[in-house]
Amino acid sequence: MIWNEEAECMDQDKREELQIKRLQEVVKRAYENVPHYKNRLDQSGVKPEDIKTLKDIEKLPFTTKDDLRESYPFGMFAVPPRDIVEIHTSSGTTGKPVVSGYTRKDLDTWSEVMARGLTMFGADEDDIIQNTHGYGLFTGGFGVHYGAQKVGCTVIPISTGQTKRQIEIMEDFKSSVVIVTPSYGLYLSEVAVEEGLDTKSLKLKAIGFGAEMWTEGMRQELQNRFHAPAYNIYGLTEIMGPGIALECPEQDGLHIMEDHFYPEIIDPETHENLGEGETGELVLTNLTRQGMPIIRFRTKDLTALRRKKCSCGRTLIKMDRITGRTDDMLKVRGVAVFPSQVEKALLKIDGIEPHYQIIVTRPQHLDEMEVRVEASPELFSDEVKELVGTKKRIENYIHDELGLRVNVTLVEPKTIPRSEGKAVRVFDKRVFNN
Amino acid sequence: MKIKQLSIFLENRKGRMRKALDVLEKGGVSIRALSLADMSDFGILRLIVPDPDRTKKLLEDNDFIVKIGEVIAVRMEDEPGSLGEILGILDDNDINLSYLYAFVAKEDMAIVLLHPENIDEGIKALEINGADLITAQEIYSL
């Protein structure tokens with residue numbers, strides 16, 4: 001089944017015609033309504049009228065996460081605040097979070113693209129979707145929710161956590177599609193086994209997974225454990241949320257919803273546009289968004305675009321699985337973590353040396369983050385309970401900064417290697433390259 | 001009546017204790033008493049040595065974190081019940097103990113090192129109740 005055959009199977013001429021029309025409109029709207037864009041375009045000497053072909057998009061300046069942060073909270077809105085009906089934010093890791101505003105029409109678009117994706121997974125009105133993505137400021141929960149409602153599925157908006165309850169509900173409500181992060185999905189399957197549930201008896205139709213780095217091996221594992229095909233969902237809060245690109249049954253790349261999001265791949269160093277099949281940084285432009293149109297957003301996600309005939313019949317371009325980041329951002333249990341945040345937290349504590357290491361592992365399919373900190377005479381106490389208290393205090397500071405529980409290990413002075421130039425502070429021992 | 005004690009931060013990692021002991025050996029430091037408190041990822045090595053200030057510097061020069069604290073040393077008969085009697089004094093006086101360690105010093109004589117939360121109150125209670133507190137010099141000369 002294809003949700004919107006007209007949009008998803010459009011031929012090239014028609015699609016490009018639609019895209020350029022929408023691009024011209026969105027650039028004009030952004031220029032006229034968002035001071036940031038007016039300034040940027042003026043500085044670059046580009047006028048909205050200069051966009052005559054799709055290729056002309058390359059004349060436009062990029063938008064970065066910093067730009068969005070500087071416009072906090074509502075500076076990027078292109079409509080009066082009263083027309084905004086919903087707000088989400090990024091996890092707000094490095095400094096202020098990025099705010100994303102949606103008009104009624106934007107929510108319709110979001111529902112539409114997620115509906116297309118869920119239809120790719122095989123979901124229809126008869127399905128019961130158990131949505132374990134968090135509901136709240138995070139876009140994951142609501143994005144999936146809107147799409148599922150659009151399709152007409154029955155949604156179980158359970159959010160993350162309460163794992164035993166999740167399993168009980170899967171069994172009792174006979175959920176047929178489950179939406180997870182890959183690591184939570186694997187954890188869920190383990191608890192299911194502990195609870196004596198035969199996952200085969202669940203007769204799941206599909207698993208949808210997103211919001212984390214993943215590997216083909218992890219997909220296989222999810223599929224084996226739940227006896228159902230697993231499909232990736234890609235999205236980011238700045239542009240909309242989940243639903244920007246999704247996998248079809250071919251499981252070979254994600255179809256980008258090109259009529260709403262215009263993708264480019266650039267060389268992250270030279271900023272030059274790269275050709276099809278070349279791996280670089282994904283840059284996305286909102287073609288239809290009303291509330292907060294974003295032009296040429298640098299996602300910092302590394303991938304490649306491939307236009308090829310897909311057996312599913314869709315003509316939408318495909319992007320590869322995200323293979324890395326251009327910055328030092330880590331995703332730990334779905335939370336974006338920058339080493340600089342850990343540093344910021346540590347600097348609040350007297351007596352801590354600015355030498356630390358972050359070690360991320362995935363011992364039982366769930367991410368664990370350890371922060372190794374050098375002890376100092378100020379931190380050291382003769383009493384075990386005080387030392388344990390110090391460790392807890394550091395953990396709390398980091399938790400406040402990241403929103404993530406980490407394990408702090410105090411190590412002896414001068415045991416964390418000093419490096420010249422850029423220090424290697426992060427050891428991501430999770431395996432993403434298979 | 002207070003005995004200086006060195007506390008050394010040790011990572012719970014192979015070879016760390018040995019490294020600390022090597023430093024002491026090279027510096028010619030003879031340990032009078034020792035205890036090791038161990039947590040899952042770190043430990044505290046506590047030492048009684050004849051020249052605590054010099055030893056502290058020696059260890060610090062070798063990148064160890066060292067604190068000097070104080071403990072009480074009590075001499076007791078090396079027989080069942082002696083330790084219980086001493087702890088009973090602290091208990092009766094409502095004095096909390098953070099940790100202790102003990103060793104047999106000579107034939108028929110054992111020594112317990114005590115670290116109450118309030119060391120002065122500990123000393124007072126022990127003295128009043130006739131415990132045999134000993135000085136640093138006495139420990140060093142054992």
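How many nonpolar, polar and charged residues does the lining of the second largest pocket have? The legends below refer to a predicted model.

**View 1. Lining of the second largest pocket.** Eight nonpolar, four polar and eight charged residues form this lining. The pocket has a volume of about 440 Å³. Among the 20 residues that line the pocket, A:Tyr262, A:Pro263, A:Leu305, A:Arg307 and A:Ile317 are the closest to its centre. At least two lining residues come from each of helix H2 (12–33) and strand E10 (261–266) of chain A.

**View 2. Helix H2 of chain B (residues 52–61).** B:Pro52, B:Thr55 and B:Leu59 are buried in this helix. Because these residues cover an arc of only 65 degrees around the axis, they lie on the same side of H2(B). The other side carries B:Lys57 and B:Asp61, which are exposed. The cover over the buried residues includes strand E1 (2–11), helix H1 (16–26), strand E4 (66–77) and helix H5 (136–140) of chain B. Just after the helix, B:Asp63 adopts a positive phi of about 70 degrees.

**View 3. Helix H3 of chain B (residues 82–92).** The buried residues here are B:Ser82, B:Ile86, B:Ile89 and B:Leu90. Their directions from the axis span an arc of only 95 degrees, which places them on the same side of H3(B). An α-helix has 3.6 residues a turn, so residues three or four places apart point the same way. B:Asp91 and B:Asp92, on the other side of H3(B), are exposed. Packing against the buried residues involves E4, strand E5 (97–106), strand E6 (109–116) and helix H4 (119–128) of chain B.

Note on methods:
Residues are numbered from 1 along each chain as its sequence is written. Chains are lettered from A and ligands numbered from 1 in the order in which they are written. This is a predicted model: local features need pLDDT of at least 70, side-chain atom pairs count only at pLDDT 80 or more; totals for chains, interfaces and linings use all residues. Side-chain values use heavy atoms; hydrogens and water are left out. On a 1 Å grid over the protein atoms alone, a cavity is a set of points where a 1.4 Å probe fits but cannot get out, and a pocket is an open set with protein on both sides within 12 Å along at least five of seven lines; lining residues have an atom within 4 Å of a point. Grid points are joined across faces, edges and corners, and a volume is the space filled by probe spheres set on the points. Helices (H or I, at least four residues) and strands (E, at least two) are DSSP runs, numbered from the N terminus. Ala, Val, Leu, Ile, Met, Phe, Trp, Tyr, Cys and Pro count as nonpolar, Asp, Glu, Lys and Arg as charged, and the others, Gly among them, as polar. Buried means under 20% relative accessible area, exposed over 50%, partly exposed in between (1.4 Å probe, protein chains only). The arc is that of the directions from the helix axis to the C-beta atoms. Contact means heavy atoms within 4.5 Å.
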